[in-house]
Amino acid sequence: MKIICLGDSTMQFNNIYRYPQFGWPQVLSLFIHPNILIIDLARNGKSTKTYIDEGRFADVLKRVEKGDYVICQFGHNDGAKDKLERYTTPLEYKNNLLYISNEIKKKGANFILATPITRHIFFNNECIESHKEYRKAMLELAEEESIDIVDLDELTRKHYTNIGEKESEKYHMIFGPNIYSNYKDGLNDHTHLTFLGAMMVCQLFVKDCIRQNLSISKYILKPTEVDEFDRFMEIGVK
């Protein structure tokens, strides 16, 4: 069994030349049993439309096997009306997700939807919803088709509001000049995540999987198992 992640730049694996940017599945392995392979196939700038049209989803299907888990989070780019090659209406978005879900299920794999994480946008001391129609469409699909879903949009918004606008900046690529050599002018990016942001999203994700008793929970590392899996890593138990 393996876990495959597909989505946009908030999930994509980032190499050292994009540091300190992280996609949240980059740290998912810290929360999962160490013998589980995690494959991150998310890509920058992709919507459900472009991910399918460019053949990326077809490549995913070649790698999916019976019993695998596929985590799917799109939405940031589907709503980009100024980029027609990416843009989908909420209904098109919903239909694309349904197609993705059906094809994954045909392979005998487990499918988990995740609503897009919030953008770091505040109004009157509250983190506001930036994916309204798309979050609604995904939640509707999950209910209609009995698909497992983690509402990361709501979970991240509530967390940001609880800790405040300034404190939650640490989760995003917001920093001044001359701190990182590859971002000499600094950055004011309220969408993409740092390592702390990726850790925060993963914690919210796994906690909600456990709360809902989703089947993937049996692969999430429990506090009582830490010593056992440390030994596993040391002696290479098969």
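The following dialogue examines how terms are applied to a predicted model of one protein chain.

Student: How many helices and strands does the chain have, and what makes a run a helix or a strand?

Tutor: Helices (H or I, at least four residues) and strands (E, at least two) are DSSP runs, numbered from the N terminus. The chain has eight helices and nine strands.

Student: Why is the chain called as compact as a globular protein of its length?

Tutor: The radius of gyration is taken over C-alpha atoms, and the globule rule is 2.2 Å times the number of residues to the power 0.38. For 238 residues the rule gives 18 Å, and the radius of gyration of the chain is 18 Å, so the chain is as compact as a globular protein of that length. Its C-alpha trace spans about 50 × 40 × 30 Å along the principal axes.

Student: How do you know which strands pair in the open sheet?

Tutor: Two strands pair if DSSP finds at least two bridges between them. Four bridges join strand 1 (residues 2-7) to strand 2, so this pair meets the criterion of at least two. One of the partners across this pair is I39 in strand 2, for I4. The open sheet has five strands in the order 2-1-3-4-7, with parallel pairing.

Student: Why are strand 2 and strand 7 placed at the edges?

Tutor: Strand 2 (37-40) and strand 7 (148-150) each have a single partner strand, so one side of each is left without a neighbour in the sheet.

Student: Which strands does helix 3 lie across?

Tutor: Helix 3 (residues 90-106) lies across strand 1, strand 3 (69-73) and strand 4 (110-114), at about 155 degrees to strand 4. Axes are lines fitted to C-alpha atoms, for helices over the stretch in contact (heavy atoms within 4.5 Å), and angles run from 0 to 180 degrees between N-to-C directions. Helix 4 (residues 132-145) lies across strand 3, strand 4 and strand 7, at about 150 degrees to strand 4.

Student: What does F13 contact beyond its neighbours within four places in sequence?

Tutor: F13, in the loop between strand 1 and strand 2, is in contact with R18, Q26 and D40.

Note on methods
Residues are numbered from 1 along each chain as its sequence is written. This is a predicted model: local features need pLDDT of at least 70, side-chain atom pairs count only at pLDDT 80 or more; totals for chains, interfaces and linings use all residues. Side-chain values use heavy atoms; hydrogens and water are left out.
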